[in-house]
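Work through the following exercises with the sequence and the model side by side.

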Amino acid sequence: MRAVIQRINGAEITINGGETRKVGEGLVVFICAMEGDTDAQADFLVQKVCGLRVFKDENDKMNLSLLDIGGEMLVVSQFTLYADCRKGRRPSFVNAAAPAEADRLYEYFQQSVKNAGVAKVEHGKFGASMQVELLNNGPVTIMLDTDE
């Protein structure tokens, strides 16, 4: 699985031009499942994301995790994280998991984050058209890949 994590002061997602969901200080996690990924990769990613020490402590050092600060998370499905642009100009997405399995892992990741104790977890809708607004704090942006 791949994830792009951004530390935020707040974020909002609008789904199919209608429903809007918001979070405050915390993380936006753009996530994509690769063909062959399992719950084990999602579990690893949950532990890593929830435990990343990317929030400042009293000494202004990045030393606190999302759980330490009681932060919130917005999870967004983004199959384009597995874009292969090595040939031509049109990205290929053949390495992304099939939609049914990708959606299952997306839901599993969200529930696992909630189970890990994240204060508030909001999410987009798998396969929907979504607009994401976020206020990146730092900016801090981290990429994770369970295969690396």
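Helices (H or I, at least four residues) and strands (E, at least two) are DSSP runs, numbered from the N terminus. The model is predicted, and for that reason local features need pLDDT of at least 70 and side-chain atom pairs count only at pLDDT 80 or more, while totals for chains, interfaces and linings use all residues. Residues are numbered from 1 along each chain as its sequence is written, and side-chain values use heavy atoms, with hydrogens and water left out.

**Exercise 1. The overall layout**

Task: Find how many helices and strands there are in the protein, and the order in which the elements run.

Solution: Begin with the count, which gives three helices and eight strands. Next, follow the chain from the N terminus, where the elements run β-β-β-α-β-β-α-β-α-β-β. Then turn to the dimensions: along its principal axes the C-alpha trace spans about 50 × 35 × 30 Å. The radius of gyration, taken over C-alpha atoms, can be set against the globule rule of 2.2 Å times the number of residues to the power 0.38. For 148 residues a compact globule would have a value near 15 Å, and the protein, with 15 Å, agrees with it. Finally, 41% of the 148 residues count as buried, where buried means under 20% relative accessible area, exposed over 50%, and partly exposed in between (1.4 Å probe, protein chains only).

**Exercise 2. The pairing of strands**

Task: Determine which way strands E1 and E2 run relative to each other, parallel or antiparallel, and how many bridges join them.

Solution: Two strands pair if DSSP finds at least two bridges between them. E1 (residues 2–15) and E2 (residues 19–23) are joined by five bridges and run antiparallel, with Thr 14 standing opposite Thr 20 in E2. The two strands form a hairpin with three residues between them.

Now move on to E6, which is joined to E3 by six bridges in a parallel arrangement, and here Val 28 stands opposite Leu 74 in E6. Four bridges also join E6 to strand E7 (residues 120–123), again running parallel, and Val 75 stands opposite His 123 in E7. Since five of the six residues of E6 are buried, this strand is largely enclosed by the rest of the structure.

**Exercise 3. The surroundings of Ile 31**

Task: Decide whether Ile 31 is buried or exposed, and find which residues it is in contact with beyond its neighbours within four places in sequence.

Solution: First place the residue, which lies in strand E3. Ile 31 is buried, with a relative accessible area of 4%. Contact means heavy atoms within 4.5 Å, and with neighbours within four places left aside, the contacts of Ile 31 include Met 1, Leu 45, Val 75, Leu 81, Tyr 106 and Phe 109.

**Exercise 4. The largest pocket**

Task: Find which elements give two or more residues to the lining of the largest pocket, and which classes of residue make up that lining.

Solution: On a 1 Å grid over the protein atoms alone, a pocket is an open set of points with protein on both sides within 12 Å along at least five of seven lines, and lining residues have an atom within 4 Å of a point. The largest pocket holds about 360 Å³ of space, and among its 22 lining residues Ser 77, Gln 78, Phe 79, Phe 126 and Gly 127 lie nearest its centre. Strands E3 (26–32), E6 (72–77) and E8 (130–145), together with helix H3 (99–115), are the elements that give two or more residues, and H3 gives the most, with four.

To sort the lining by class, count Ala, Val, Leu, Ile, Met, Phe, Trp, Tyr, Cys and Pro as nonpolar, Asp, Glu, Lys and Arg as charged, and the others, Gly among them, as polar. The lining then has 17 nonpolar, five polar and no charged residues.

**Exercise 5. A cis peptide bond**

Task: Find the omega of the peptide bond from Gly 138 to Pro 139.

Solution: Pro 139 is found in strand E8. The bond from Gly 138 to Pro 139 has an omega near -5 degrees and is cis.

How values were computed
1 Å grid on protein atoms, 1.4 Å probe; cavity = no way out; pocket = protein on both sides within 12 Å on 5 of 7 lines; lining within 4 Å. Points joined across faces, edges and corners; volume = space filled by probe spheres on them.
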